[in-house]
Amino acid sequence: MRVDPFYISNLVGSLDQTQATEQQLSSELSSGVRVTSLSQDPVASGENVLLLNQIQQDDTFTQSANLVTGQLQVADSALGSVVSQLTQAISLATSANNGTMNSSNVKSISSQISGILDEVTSLANTSYQGQYIFAGGQTSTAPFSTSTATSPAVTTYHGDSSVNYLQTPNGQKIQLNVPGSQIFTGSGTSSVFGALNALVADYSSGTVDTNQAVSDTTALSTALNYVSQQRVAIDNSMTQVTAASDAVSSVQTQLTTAQTNLMQADIPAISTQLSLAKTQQTALISVIAQLNSSSSDLFNKL
Amino acid sequence: MGTINSALSIMSQALNADQEALNIVANNVANANTPGYTIESPTWQENQPITISGVSYGQGVTETGATSERDRVLESRLDQQQQMAAASGSRLTSLNTLQALFTPDSGSSSSTAGDIGSDITGFFNSFSSLEANPTNNALRQNVLSTAGTLAGDISNAAASLNSQRSALDQEAAGVTSQVNSLTSAIAQLNQQIQTTSPNGDAGTLEDQRQQDLSQLSQLIGINQITTENNGLSITTTSGQLLLSGGTSFQLTNGTVNGVTDFFLGNTNVTSQLVSGGGSLGGYLTARDQDIPGALNSLDQLAYSISTTVNAQNNSGTDLAGNTGTTSDPLYIFNQPALVAGSAAGMSVVMTDPNRIAAAGAGDGTGDNSNATAMAALANQSIVNGQTPTNYYSNFVTTLGSTVSSVQTENTAQNASVTQLQTQNNALSGVNLNDEASAMTTFERSYQAASQVFTMLNTIMASALNIGDQTAVS
């Protein structure tokens, strides 16, 4: 049988291939990445794009959650202060309504309630990072102002009723704000500013029309309850943001693990392959050396 | 009746024949490493016997020349396999350069630079961040900067693809002159072979022709047709005549629609060459199919993102309270007119972050409903019925699979070439051990012939000296 006399060049080809394998394996080892080009694992490459997309979305949401938590906390504490101010106003009004006070005391109550009105107005105009948080979408202008041209004075809302939502990566919408109109100038008797302005006017002359004053005080209590209810909405949002943020973080951890498993080099396996390739290379080199040695040619025996 | 004289003549012919055989061995050993050399072996022929008085006497041997050990079928199979391997090889080289533009992102922050997948996510995420605080300048600035990164990476990738394409175009054009010089060399050899050995193997000339054919088949896909008088006609794989007998037809190239096209005579053969094989076929497949395919996907992605995002932003209200108008649209990206060229032309035209319309139409500037809508585009089927990320993911999977399948194809074809090469080498290569043994045989045969000659000489002397032993020594 005839053989290929150039078999050594084939062996050298194998040697080249072994070296290429070693190069590839050591680059995987040094970078820690299994898939360094698309063709190595096309499916994993595509999957990787999707996983990274989700991981980054989750990451962004966690950051946004931190941002909005600040705003929600400011809103919550402002409403907390409003509640305590209103409680104080109700107790002042109740004491004025029992008919035992003299005229100057009643006037003093009027001015105290007027002070509370100013305080509540400023709380309703609370801003966070330069934006008025109870103004709906019109966050660049202070939402409430009071005109004293008439008696009782009138407090007007300049904002709108738009509500912002933060969307979680799985599509859940979390309410970020409650428009001031809904909290402070709610419909009918539940208007905070309506009741406060009416009480200031009721006591301003020093004489009390008890029926009117009692009815206005009742209206303020109703408004207070309403504010507390709206505060619950803000608290709910805070809970939702925290819960969503926790959920997203745990999903993100899982996804990161999946992505790492998908793309990262399996160090023990690669080391084994590298050692096999090294052995093969050594074997090939000695085979070539043996075959190439001068005694392997019949001419040497002549 | 045989004579001592005729025996002497047989021996001198045998010595000549052995010398010629040794000459052939020497030539084989000398050409052991010459590319394309086919081993030659001496042809021995018995001389015509002569018949005297009804008895036939052998008249020795003549060496009639060297015969090349050649298998034409094997050689043409090798050529065919080589042209396929060369095609997939050059296509693979181009595809490897192509896929290097889309190296998978390992997920660490340092590797995200230049990754279009991460850019898409980053861009739409910037709107999710803006939801949290729609009037914040830093967040608005972030939208424009991520948009710039996305547009920059897509347009860079498109520019690289275009420059790869023109590089391939030049390489393909460069093949033309090599093909032409090989076909004219083969045509000349054809003529010589037809004159010198119309009926048999032409030895060295044939080796040269085969060597040229082998080179030619690595450049371009060919069919070989053997014609009368040991001639050869060559056509391209799809049947256009490249050379016939002593005449070769020049392959010419010219620029058509910005790319190099190839002509035989007046016929444009470019599309036939694409699938024809040879490295030219591989270059053209990459130039006319693979790169345009990738570019088209990027164009589609760029077009859909640019137009959808522009339209959504244009329909909202910016920080100054304005809504987009026909004369002053609120466009973030350069609005593309056509899908083709969208990727290369993608850029951010918005410079003022306050023109990002986070608020819905008619809403106050603190509203975030339009920012939410823009962020939601990331999960809507806006690119060919898929979300942008899914579209990109499918694109890389498809590209990776193409490269991987060409790689597999190329490996298989190379293995087949190696196998055929081994078979061919086994038949036609110079095996030095064989030559050593042949040389020993011929040397011994020569020695034997000279010994016989000496003996015959002694016998002749005895014959001449019959009666007088000392007359001739």
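A: B:S53 is exposed, because 5 other C-beta atoms lie within 10 Å and a residue with 12 or fewer is classed as exposed. The model is a predicted one, and the description that follows should be read with that in mind. B:S53 belongs to the loop that joins β2 (50–52) and β3 (55–57) of chain B. The backbone of B:S53 has a phi near 50°, which is a positive value in a residue other than glycine. Although B:S53 and B:N133 are 80 residues apart in sequence, their C-alpha atoms are 126 Å apart in space.

The C-alpha trace of chain B spans about 145 × 50 × 30 Å along its principal axes. The radius of gyration of chain B is 38 Å, whereas the globule rule gives 23 Å for 473 residues; the value is well over that, so chain B is more spread out than a compact globule. Chain B contains ten helices and eleven strands. Of its 473 residues, 42% count as buried. Among the contacts in chain B with a separation of 6 or more, 70% are accounted for by residues 24 or more positions apart.

The domain assignment divides chain B into domain 1, formed by 4–67 + 435–464, and domain 2, formed by 78–416. The centres of domain 1 of chain B and domain 2 of chain B, taken over C-alpha atoms, are separated by 66 Å. Where the two meet, seven residues of domain 1 of chain B are in contact with six residues of domain 2 of chain B. The side of domain 1 of chain B that touches domain 2 of chain B comprises three nonpolar, three polar and one charged residues.

Two helices of chain B may be considered as a pair. Helix α2 (residues 72–99) of chain B packs with helix α7 (residues 278–314) of chain B at an angle of about 35°, and their axes are 7 Å apart. The crossing of α2(B) past α7(B) is right-handed. On α2(B), the residues that make the contact include B:A86, B:A87, B:G89, B:R91 and B:L95, and on α7(B) they include B:G278, B:G281, B:Y283, B:D290 and B:I291. By class, this contact of α2(B) with α7(B) has eight nonpolar, ten polar and two charged residues.

Chain B also meets chain A, with 55 residues of chain B in contact with 49 residues of chain A. On the side of chain B that touches chain A, at least two residues each are supplied by α3 (116–132), α8 (369–376), α9 (388–428) and α10 (432–464) of chain B. The largest share of that side, 17 residues, comes from α9(B). The residues of the side of chain B that touches chain A divide into 16 nonpolar, 35 polar and four charged.

A:Q129 has a positive phi of about 50° although it is not a glycine, and A:Q129 lies in the loop between β1 (127–128) and β2 (131–132) of chain A. With 13 other C-beta atoms within 10 Å, A:Q129 is partly exposed. Another loop of chain A, between β3 (144–147) and β4 (154–157), holds A:P152. The peptide bond from A:S151 to A:P152 is cis, with omega near -5°.

A:D216, by contrast, has its place in helix α6 (residues 210–263) of chain A. A:D216 counts as buried, because 24 C-beta neighbours lie inside 10 Å and the threshold for a buried residue is 20 or more. Leaving aside residues up to four places away in sequence, A:D216 touches A:A195, A:A198, A:L199 and A:D202. A:D216 and A:N261 are 45 residues apart in sequence, and their C-alpha atoms are 68 Å apart in space.

Definitions and conventions
Residues numbered from 1 in each chain as written. Chains lettered and ligands numbered in written order. Predicted model: local features only at pLDDT ≥ 70, side-chain atom pairs only at ≥ 80, totals over all residues. Helix = DSSP H or I, 4+ residues; strand = E, 2+ residues; numbered from the N terminus. Nonpolar A, V, L, I, M, F, W, Y, C, P; charged D, E, K, R; others polar. Domains from an automatic or database assignment. Rg over C-alpha atoms; globule rule 2.2 N^0.38 Å. Axes fitted to C-alpha atoms, helices over the stretch in contact; angles between N-to-C directions. Left-handed = near helix turned anticlockwise from the far one by under 90°.
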